[in-house]
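User: I have a chain open here and would like to talk through how its fold is put together. Could you take me through it?

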Amino acid sequence: MEARIATMHSATRDPSVALMKYNKLRSRHPDGMVFAFEGAEDPVFYSSAVERCGLKYRFHILVVDGKDMVLGLRALLTSSTEAKFGDGVAFFIDADFDNT
């Protein structure tokens with residue numbers, strides 16, 4: 001039973017999960033920017049930073065839970081023939097201390 005739970009949990013760490021979240025968000029909001037963040041607390045900081053800069057972008061927040069998920073989503077969108085990668089997606093990764 002524990003092995004099954006571990007398998008199910010590890011499946012949630014696959015970038016395809018982030019892609020499903022992105023597609024769901026994009027289907028509800030086809031216009032405007034999508035800002036993909038690695039953590040739940042990141043949108044608060046970056047949203048206020050965007051506003052302080054005077055940028056008037058209409059954007060939608062997507063939290064994908066981790067640096068690897070943000071990078072994986074970017075890779076999936078870049079390689080996709082169906083995704084509109086150039087139509088307003090920004091990826092945000094905090095400066096971590098992992099030297100990558």
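User: What share of the contacts between residues at least 6 apart in sequence join residues at least 24 apart?
Analyst: In this predicted model, 74% of the contacts between residues at least 6 apart in sequence join residues that are at least 24 apart.

User: OK, and which elements does the chain have, going from the N terminus?
Analyst: The chain has 4 helices and 3 strands, and from the N terminus on they follow one another as α-α-β-α-β-α-β.

User: What order do the strands take in the sheet, and is the pairing parallel or antiparallel?
Analyst: The 3 strands form an open sheet in the order S2-S1-S3, and their pairing is parallel. Strand S2, residues 59-63, and strand S3, residues 89-92, are the edge strands, each of which pairs on one side only. From one strand to the next, the twist averages 20°.

User: How many bridges join S1 to S3?
Analyst: Strand S1, which spans residues 33-37, is joined to S3 by 4 bridges, and the two run parallel.

User: Switching to helix pairs, how do the axes of H2 and H4 cross?
Analyst: The axes of H2, which covers residues 15-28, and H4 come within 8 Å and cross at roughly 70°, which means that H2 is roughly perpendicular to H4. The crossing in which H2 passes H4 is right-handed.

User: Which residues make that contact?
Analyst: On the H2 side they are Pro 15, Ser 16, Val 17, Ala 18, Leu 19 and Tyr 22, and on the H4 side they are Met 69, Gly 72, Leu 73, Leu 76 and Leu 77.

User: Last topic, the surface: how many Å² does the chain expose, and what percentage of the residues count as buried?
Analyst: The chain exposes about 6900 Å², of which carbon and sulfur atoms supply 58%, while 31% of its 100 residues count as buried.

Terms used: Residues are numbered from 1 along each chain as its sequence is written. This is a predicted model: local features need pLDDT of at least 70, side-chain atom pairs count only at pLDDT 80 or more; totals for chains, interfaces and linings use all residues. Side-chain values use heavy atoms; hydrogens and water are left out. Buried means under 20% relative accessible area, exposed over 50%, partly exposed in between (1.4 Å probe, protein chains only). Contact means heavy atoms within 4.5 Å. Accessible areas come from the Shrake-Rupley method with a 1.4 Å probe; for residues, only the protein chains shown count as cover. Two strands pair if DSSP finds at least two bridges between them. Axes are lines fitted to C-alpha atoms, for helices over the stretch in contact, and angles run from 0 to 180 degrees between N-to-C directions. Angles under 35 degrees count as roughly parallel, over 145 as roughly antiparallel, 65 to 115 as roughly perpendicular and the rest as oblique. A crossing is left-handed if the near helix is turned anticlockwise from the far one by less than a right angle, and right-handed if clockwise.
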